[in-house]
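Have a look at the model first, and then read on.

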Amino acid sequence: MNCKGKETRISIVEKYYVYPQAHLKLLNGQFKHSDAEAKITDHYYIFILIDKKDKTKKDTICCGYKAAKHFEELTGKKLPRLYSPIKDTSPHKDKTDNIYDKDHTKIVWDETRKQLYDAVMLIILLWNASPGTDIFTIKYYLENYTYLKPPLQKIKGVNTIIKSRKVPLTDHIKKMSDKNNFKEYKFDLLVKILEENNIKQYFQD
């Protein structure tokens, strides 16, 4: 949904419930078209909109910081912290891997759930996935009850999404590593669960 201009955003908030859903770092060479009519090359925000009169009507907004900050001011809902798969080599490192939530409270993650969440976020970033797709649905699911081990069904679901691209997730990471200095990710717990259930895994080669 177009959100260019302050008056447009005010009108949107009057008509819709606006929920911030993600704050993502673009990989080198990637870009996004902002719904505020700009080209985004660094990081972007995703919002879910629900019509106040008809809650079955939903929409999404993708935008940069300026528009996102305005939505935060209008709704009072804090923006999500940045998720970035890129190593931060600055002397004042920020936490960009969802160790902390938007209120700066440390998140308690089940280790297997965190591996699955990282895989989901990498899929979203590597494949430039669109809001409203299955991978985003799994993302939202994993962000609740982070201390619980994920069910096999969710692990299988992500594995199937990766399988559709024919090669393991780690191969996709390697392919983009020439332009991006990725953090180190492990998927061994996910692999073990799938192998114990006689399911071919596509998380790593």
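## Fold and overall build

Helices (H or I, at least four residues) and strands (E, at least two) are taken here as DSSP runs, numbered from the N terminus. On that basis the protein chain has seven helices and five strands, and along the sequence they follow the pattern α-β-β-β-β-β-α-α-α-α-α-α. The radius of gyration of the protein chain is 18 Å, close to the 17 Å that the globule rule gives for 205 residues, so it is as compact as a globular protein of that length. For that comparison, the radius of gyration is taken over C-alpha atoms, and the globule rule is 2.2 Å times the number of residues to the power 0.38. The C-alpha trace of the protein chain spans about 55 × 40 × 35 Å along its principal axes.

A word on the model itself: this is a predicted one, in which local features need pLDDT of at least 70 and side-chain atom pairs count only at pLDDT 80 or more, while totals for chains, interfaces and linings use all residues. Residues are numbered from 1 along each chain as its sequence is written, and side-chain values use heavy atoms, with hydrogens and water left out.

## Surface, burial and charge

Buried means under 20% relative accessible area, exposed over 50%, and partly exposed in between (1.4 Å probe, protein chains only). By this scale, 45% of the 205 residues of the protein chain count as buried. The protein chain exposes about 11600 Å², and carbon and sulfur atoms supply 49% of it; accessible areas come from the Shrake-Rupley method with a 1.4 Å probe, and for residues only the protein chains shown count as cover.

Contact means heavy atoms within 4.5 Å. Among contacts in the protein chain between residues at least 6 apart in sequence, 65% join residues at least 24 apart. As for charge, Lys and Arg count as positive and Asp and Glu as negative, with His and the chain ends not counted; the place of a charge is taken as NZ of Lys, CZ of Arg, CG of Asp or CD of Glu. The mean positions of the 38 positive and 27 negative charges of the protein chain are 2 Å apart.

His-23 is part of strand β1 (residues 16-25) and counts as buried, at 9% relative accessibility. A polar contact is a pair of N or O atoms within 3.5 Å; within protein, one must be able to donate a hydrogen and the other to accept it, and residues adjacent in sequence count only if both atoms are side-chain atoms. The side chain of His-23 makes such a contact with the side chain of His-43 (2.7 Å) and also reaches the backbone oxygen of Pro-80 at 3.1 Å. Not counting residues up to four places away in sequence, His-23 touches several residues, among them Tyr-44, Arg-81 and Tyr-83.

Leaving aside neighbours within four places in sequence, the contacts of Leu-26 include Phe-31, Ile-40, His-43 and Tyr-44. Leu-26 and Pro-85 are 59 residues apart in sequence, with their C-alpha atoms 9.2 Å apart in space.

Ser-84 sits in the loop between α2 (65-75) and α3 (111-126) and counts as buried at 6% relative accessibility. A polar atom of the Ser-84 side chain lies 3.2 Å from the backbone nitrogen of Ile-86. From C-alpha to C-alpha, Ser-84 is 9.0 Å from Leu-125, 41 residues away in sequence.

Leaving aside neighbours within four places in sequence, Asn-180 is in contact with Leu-27, Asn-28 and Ile-86. Asn-180 is buried, with a relative accessible area of 3%, and the Asn-180 side chain reaches the backbone nitrogen of Asn-28 at 2.8 Å.

## Positive phi and a partly exposed lysine

Which backbone angle stands out at Lys-166? Lys-166 is not a glycine, yet has a positive phi of about 80 degrees. This residue lies in the loop between α5 (152-163) and α6 (169-176), and Lys-166 counts as exposed at 69% relative accessibility. Asn-198, in the segment after α7 (188-196), has a positive phi near 55 degrees and is exposed, with a relative accessible area of 75%.

Lys-57, placed in the loop between β4 (43-51) and β5 (58-63), counts as partly exposed at 47% relative accessibility. Not counting residues up to four places away in sequence, Lys-57 touches Leu-49, Ile-50 and Asp-51.
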